[in-house]
Amino acid sequence: MLFGHRGANQPVVDLKTKKVYMSSQNHSYEVDEPSLQGTSLQVRFRNVNDDTVEGLMHEDLPIFTTQYHPEANPGPIESSLLFNDFLQMINDYSGREKAYA
Amino acid sequence: MPKDDTIQTILVIGSGPIVIGQAAEFDYAGTQACLALKEEGYKVILVNNNPATIMTDDMNADAVYFEPLTVDVLEKIISKEKPDGLLATLGGQTGLNLAYQLDDAGILEKYKVKLLGTPIDSIKKGEDRELFRELMFEIGEPVPDSTIVHTLEEALAFADKIGFPIIVRPAYTLGGTGGGIADSLDTFKELVRGGLQESPITQCLIERSIAGYKEVEYEVMRDGNNTCITICNMENIDPVGIHTGDSIVVAPSQTLSDDEFQMLRAASIKIISALGIIGGCNIQFALDPNSKQYYLIEVNPRVSRSSALASKATGYPIARIAAKLAVGYDLSELINPVTKSTYSSFEPALDYVAVKFPRWPFDKFTTADRKLGTQMKATGEVMALHRSFEGGVQKAVDSLELKTIGLQLSSLKNKTVPELWGKLAEKSDERIFVIFEMLRKGVTIEEIHEATAIDYFFLKSFASLIQSEMEIEAKAIDQVTREELQTYKEKGFSDRYLASVWKVSEMEVRAHRKSLDITAVYKTVDTCAAEFESHTNYHYSTYFGENEQQKTDKKKVLMIGSGPIRIGQGIEFDYCSVHGVYALQDENVETIMINNNPETVSTDFATADRLYFEPLTLEYVLNVIEAEDIKDVIVQFGGQTAINLAKGLEEYGVNLLGTSFDTLDQLEDRDRFYQLLQKLDIPHVPGSMANGEEQLIAHAEAIGYPVLLRPSYVIGGQGMEIIRSKESLLNRMANGTALVYPVLIDSYIPGKEAEIDLIADGNDVYIPIIAEHIEKAGVHSGDSMALLPAQSLTDDIKDKNDPLC
């Protein structure tokens, strides 16, 4: 990327929910979208300003990624919901009853 | 979602006449909204009865109704124009209340008018204290202990329970009208009685006072897809207790940690989502400086005064975007009009600070109660942009046009420390100058913090400015090094201040500064701190870093604005300067605007080709003239503010377009004016000028009582007095504020008063209309009711007037 994405005011759209929210970003590289062809990965997050890929999800496996900082320290905390998704995934895919239940 | 195609015609409600708490900002918001709707191809019907506004020009709407803003009248307009949409969230409290009443009366349903943007339910939840509190309990957002009362008895029962101090806030009023803080039972009773009367639904919120907390506001926007963004946050230098319209405000906040900032930001987003607002909204918080405890103070479910400030402070056009959200767009579908390459769903980044300083009317109303509280008293405000908070404060003070030199208010100069403590306790509009004076006289910031609860960050900045003042005083102009002078300029000290300390002329300081190669540089307001390429021509000066402004070699004209709104100098001058700009643009002349009032259309960066947000003092204006290489300046549209600059500009070799300084002076200087009238053989009120007390008495005798006394060069009759006898003249000279000589003395004739407005090109004169005053002469023309065209003047009198012009 020319300058990369910097700052706590980067708009991201979650293609799964169609929601737009602010995120904290600090990266100089992006995923080259054509390189996803033939993989089971789909684009889940995009930067609204330049349409670049900000995160992926797997078609079958419990995997999703972000290029930005959902932990947001410093930054806006809207994407903290992703941690709930992540914990939900762990529960859904653990393949066994809760160990400590 | 794309725009709503089921709608063709939209009714927009304006905010009516200017009142304290609802001023030019709604002209700015309304104009932006009308233009945004027209841009989308809608037919715009506008109702507003304020002639001094730009929004009521026929270019901004397809039909303009100058009618009273009442439900009956609006119903008639609705039945005639048959709009399918109503936009009411941009007309201030007036527009909002009318939308509410139209809905209540079933008129919107009857004529099938869709309320655009924020739904009625959201408006109710935001405005009705009780509904709002219920909603906040539901979503777990903290509000101070409080209760809603409809009678004095209910209020007294609550006061018994929680004790004083208590804040009284009447429901559905403007700028906190009728509200206040009560420390005792007596004031409490008085406030509740008044508040119930002021509130259109006889309802008051009374709540535990959280005075001393930090007051922080967030400007939030939300679209129909629940995308929420905060345009900026703003911190009041004065802690909770003084109305935000009367507070000195800085954007972005200066004393919050990221945690605190994000906590309040997340709360703002939660609240705007829960309310279901579509468009802009302003949310005010009180934050405990010693913990993370916060309380919600207030939500304005509409574009507000703070929105205008936030738009100018960030470059993000809130009203314009809000209008587009109202017709169905999402933020991520709208291009950011500043960068033209990114989208509106982002949060502006500021690489500077904006300082807002209110302008109060107490120079005109010298006997008014100057104590500030929860009820707004300021008539206008200025904004200053700078790289540092210190520089911002200095520029803001320079923009106010008060009797200050640098940060010193001349009336406080000779006050002792105990006197200053007394003044500080009054919590008046002068308190910031009182703090400066106390720091000068050795009071520590700890003591001031103890008394005012103003954050140490701000007090330390003030102290550092006073420290610099002392360093400057210890120097002389020929001793100061380049580095030192550079530092003083970075901290915002004006040439005029330096000149007064070093006992030289302002022009000598200017010349010396330029000989050391210290000149202002211009930075750009671009919403994104230079992350993206931007297309704004919105600048402010500073002395840090490199110059971002590019000059053109087109034919250009500088238009000087009129500064903050005050009594006698309202938005009519904004109307004039904006129209001046449009007319020049039609002639293909590049227009450059300089002004410092964040509420106005003239400081919308979309108005002139380039905008400079600067104090209207000779130094700042000349700096822009030199940086832009400007030859021609127009001062006649900027009110007395711009006229006062005319002499200095002409002396510096700037060409004043239109009327020259000599002509202006001939009219403003009574002596010269009367000479002119005598030469032209036009009768005038007998009058003369007095340079001292003895002369004053003698001349008054010669003219004969009653007489009218006034100083030269003032706005709106400031300091004008009618004296009816020698005794009252002597009495006047012995008491009250000192008379400033020369004083003009006119014979006071209580006759009919008429005015003629005319336009002349040097040869021909055109008179559009004659206005006749209903009151007799002696009531200021700005305060008297007038009829246009004149009703009782005979044709003979009118004809007599014509050749006089």
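Predicted model: local features only at pLDDT ≥ 70, side-chain atom pairs only at ≥ 80, totals over all residues.
**View 1. Chain B as a whole.** Chain B has 805 residues, and its radius of gyration is 27 Å. A compact globule with that number of residues would have a value near 28 Å, so the two agree. The C-alpha trace spans about 75 × 70 × 65 Å along its principal axes. Chain B holds 27 helices and 32 strands. Of its residues, 57% count as buried. Contacts in chain B with a separation of 6 or more come to 67% from residues 24 or more positions apart.

**View 2. The surface and charges of chain B.** The side chains include 75 positive and 121 negative ones. The centres of these two sets lie 1 Å apart.

**View 3. The contact between chain B and chain A.** Chain B brings 22 residues to the contact, and chain A brings 16 residues. Together the chains bury about 1400 Å², with 47% of it on carbon and sulfur atoms. Three residues, B:N225, B:Q262 and B:E531, supply 28% of the area that chain B buries against chain A.

**View 4. B:I454 in a loop between two helices.** B:I454 sits between α15 (445-452) and α16 (456-473) of chain B, in the loop. Its relative accessibility is 5%, so B:I454 counts as buried. Leaving out residues up to four places away in sequence, B:I454 touches B:I237, B:P239, B:I435, B:H449 and B:L459. B:N236 is 218 residues from B:I454 in sequence, yet the C-alpha atoms of the two are 9.4 Å apart.

**View 5. B:E469 in helix α16.** B:E469 belongs to helix α16 of chain B. Its relative accessible area is 3%, so B:E469 is buried. Beyond its neighbours within four places in sequence, B:E469 contacts B:L407, B:R440, B:F493 and B:Y497.

**View 6. B:D681 in a loop between a helix and a strand.** The loop from α24 (670-679) to β26 (687-690) of chain B holds B:D681. B:D681 is exposed, because its relative accessible area is 67%. B:Q695 is 14 residues away from B:D681 in sequence. Their C-alpha atoms are 26 Å apart in space.

View 7. Most peptide bonds are trans. The bond from B:F164 to B:P165 is cis, with omega near -5°. B:P165 lies in the loop between α7 (152-162) and β7 (166-170) of chain B. B:Y705 and B:P706 are also joined by a cis bond, with omega about -5°. B:P706 is found in the loop between α25 (693-703) and β27 (707-711) of chain B.

View 8. Most residues other than glycine have a negative phi. B:D517 has a positive phi, near 65°. B:D517 lies in the loop between α19 (506-515) and β19 (521-524) of chain B. At 56% relative accessibility, B:D517 is exposed. B:A529 has a positive phi too, near 50°. B:A529 is placed in the loop between β19 and β20 (538-542) of chain B. With a relative accessible area of 29%, B:A529 is partly exposed.

Definitions and conventions: Residues numbered from 1 in each chain as written. Chains lettered and ligands numbered in written order. Heavy atoms only, no water. Helix = DSSP H or I, 4+ residues; strand = E, 2+ residues; numbered from the N terminus. Rg over C-alpha atoms; globule rule 2.2 N^0.38 Å. Buried < 20%, exposed > 50% of the residue type's maximum accessible area, 1.4 Å probe, protein only. Contact = heavy atoms within 4.5 Å. Lys, Arg positive; Asp, Glu negative; His and termini not counted. Charge placed at Lys NZ, Arg CZ, Asp CG, Glu CD. Buried area = accessible area lost by both parts, 1.4 Å probe.
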